[in-house]
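Biologist: I have not looked at this one before. Can you put it up and take me through it?
Modeller: Here it is.

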Amino acid sequence: MKYLLLLHSPSGAPVDQASQEYADTFAAYAEANAAMAAAGVLLDCAPLQPVASATTVRVRGGRTLVTDGPAAEIKEQVGGYTLLECADLDEALKWASTIPAASSGWVEIRPVVPVSMPA
Amino acid sequence: MASVTRLVGDLATAEDAVQEAYLAAAVQWPAQGAPANPRAWLIGVARHKALDTIRRDVRRREKESAAAITVGPAPGSSSSADPMTDHDQLGLIFMCAHPALDLPSQVALTLRSLCGLSSTEIAALFLVPEATMAKRLTRAKRKIRDTGIRLRVPEPELLGERLAGVLRVIYLVFTEGHKASTGTQLVRGQLCDLGIDLARGLARLLPAEPEVAGLVALLLLVDARRVARTDDVGRLVLLEDQDRTRWNKNMIREGERLLEQALRSGRPGPYQLHAAIAACHSTAPRAEDTDWRQIVLLYGELLRYEPNPVVEANRAIAVAMSDNPSTGLEILDRLRGHPQLRDWPHLHIARADLLRRLARAPEAIDAYRTALRLPLTAAEQTFVTERINQLAG
């Protein structure tokens with residue numbers, strides 16, 4: 001099964017790439033991701049630009065509406081994602097708990113609906 | 001989460017009424033549930049005569065409607081032709097108590113798939129509308145399927161944590177039956193029996209886990225007092241006032257034996273400690289023979305596993321019994337302001353009892369009245385009201 005892990009960090013990611021904090025965070029994520037890659041479960045992962053960069057699109061009545069910002073004003077925003085291929089939820093839980101965001105914030109695990117291409 | 005995982009203790013120390021309710025007090029228990037494999041798991045669980053009674057009633061009203069979830073082999077296949085291996089049974093237990101499911105669903109799933117109860121029967125046992133139960137069942141079933149919760153025994157590093165969840169579910173089945181609720185005696189007894197059977201079944205599958213044996217011991221030692229807990233008209237009888245000759249000797253002996261075995265493992269845990277506290281009561285020929293000093297020590301030890309004010313309150317009551325009421329009262333008064341205890345009626349009942357022992361009747365009446373304003377079962381309300389009348393009269 002595929003699982004999309006949504007990484008929430010209330011404090012946000014360190015911005016200053018020259019800072020020690022940035023280096024530490026980067027290293028912590030690199031270590032967790034390397035372990036997942038070595039186990040063969042990691043499909044994809046990346047941090048996301050801050051929510052200020054969000055753009056929302058809606059198509060209504062044939063018209064495309066593009067707005068600045070996220071769709072809803074919510075305090076906590078997704079700061080990154082990890083896409084895993086795991087045997088079951090327990091395996092996904094095990095890996096999710098190794099991601100730094102699980103300690104500094106939380107990780108929401110969403111099973112991906114398997115969609116097959118129409119023949 | 002910590003408040004949910006908190007085990008509940010044995011406020012029996014001062015009063016049985018307090019104790020019995022305390023067994024469930026720290027755990028929120030909204031009755032709901034979910035369906036699973038209708039395969040009866042534990043030998044004998046589905047065969048209780050008492051359970052058959054309710055089953056017949058339920059069948060008459062409605063056939064089981066909620067869809068069964070397929071776990072392992074197809075649910076239609078007969079268990080004799082297709083027995084689940086012990087490993088599968090164990091995996092099923094862990095699946096039902098998976099932390100990704102809410103607690104009421106875990107309990108209902110356990111009753112559904114391990115005890116072979118229908119969703120309608122579970123609704124009847126927990127006194128919830130069948131439609132409510134069916135909806136919960138469907139939701140839990142969907143969650144299991146969609147999130148990829150599988151029937152499997154957790155890996156060793158996860159086993160202890162997950163086992164605690166399984167033990168909690170079984171404990172909740174028992175306490176739901178044990179606490180005085182709005183249900184009939186019959187219904188309550190059935191849940192106690194189911195809880196004990198589940199614990200025994202788990203002990204058979206995990207014979208080397210002292211906490212599992214500790215749970216079996218705890219349930220046996222508490223349930224041994226079942227018939228002595230109420231009088232002819234269903235009123236609660238305090239532990240100190242119970243006719244101890246009515247306690248079930250066989251259950252007490254078995255509980256003590258299991259507890260001793262578990263303790264010999266040298267891996268203590270909260271269930272073993274709760275069982276040890278229950279054993280302090282069951283081994284006392286008379287209430288005044290109770291080894292309260294030992295109970296104080298055991299609660300002190302329990303605080304290491306369950307550092308919460310409810311256990312502290314229990315310890316305070318034991319202190320009051322072993323030392324003197326005013327020492328215990330001092331501790332209780334200090335705990336009274338704790339946000340977790342403010343709306344906990346049993347703290348006020350315990351305070352009232354100590355005040356009563358100290359011959360401070362007006363204050364005792366006040367404390368009982370405070371408890372009456374908080375959620376109590378019908379039997380507890382009767383008990384508290386009678387106490388007020390005694391003190392006022």
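Biologist: Which residues in the largest nonpolar core touch the most other members?
Modeller: They are B:I170, B:V173, B:L215, B:A217 and B:L221, out of 117 residues in that core. Keep in mind that this is a predicted model.

Biologist: Where does the largest share of this core come from?
Modeller: From helix 10 of chain B, which supplies ten residues.

Biologist: And what is B:V173 in contact with, leaving aside its neighbours within four places in sequence?
Modeller: B:V107, B:T110, B:L111, B:L191, B:L194, B:G195 and B:L198.

Biologist: Back to helix 10 of chain B. At what angle does it pack with helix 11 of chain B?
Modeller: About 155°, and the two axes are 8 Å apart. Helix 10 covers residues 210–223 of chain B and helix 11 covers residues 249–264. Because of that angle, helix 10 of chain B is roughly antiparallel to helix 11 of chain B; the cut-off for that word is an angle over 145 degrees.

Biologist: Is the crossing left-handed or right-handed?
Modeller: Helix 10 of chain B crosses helix 11 of chain B in the left-handed sense. On the helix 10 side the contact includes B:A217 and B:L221, and on the helix 11 side it includes B:L258 and B:L259.

Biologist: How do the residues of that contact divide?
Modeller: Eleven are nonpolar, three polar and two charged.

Biologist: Now helix 5 and helix 8 of chain B. How do their axes cross?
Modeller: At roughly 80°, coming within 9 Å. Helix 5 is residues 103–113 of chain B, and helix 8 is residues 156–178. The angle makes helix 5 of chain B roughly perpendicular to helix 8 of chain B.

Biologist: Which residues make the contact?
Modeller: Helix 5 of chain B brings B:Q106, B:V107, B:T110 and B:L111, while helix 8 of chain B brings B:V169, B:L172 and B:V173. By class there are five nonpolar, two polar and no charged residues.

Biologist: Stepping back, what is the secondary structure of chain B?
Modeller: It has 18 helices and zero strands. Of the 393 residues in chain B, 52% are buried. Among its contacts with a separation of 6 or more, 69% are between residues 24 or more positions apart.

Conventions:
Residues numbered from 1 in each chain as written. Chains lettered and ligands numbered in written order. Predicted model: local features only at pLDDT ≥ 70, side-chain atom pairs only at ≥ 80, totals over all residues. Helix = DSSP H or I, 4+ residues; strand = E, 2+ residues; numbered from the N terminus. Buried ≥ 20, exposed ≤ 12 C-beta atoms within 10 Å, placed from the backbone. Contact = placed C-beta atoms within 7 Å. Axes fitted to C-alpha atoms, helices over the stretch in contact; angles between N-to-C directions. Parallel < 35°, antiparallel > 145°, perpendicular 65-115°, else oblique. Left-handed = near helix turned anticlockwise from the far one by under 90°. Nonpolar A, V, L, I, M, F, W, Y, C, P; charged D, E, K, R; others polar. Core = buried A, V, L, I, M, F, W, Y, C linked by C-beta atoms within 7 Å.
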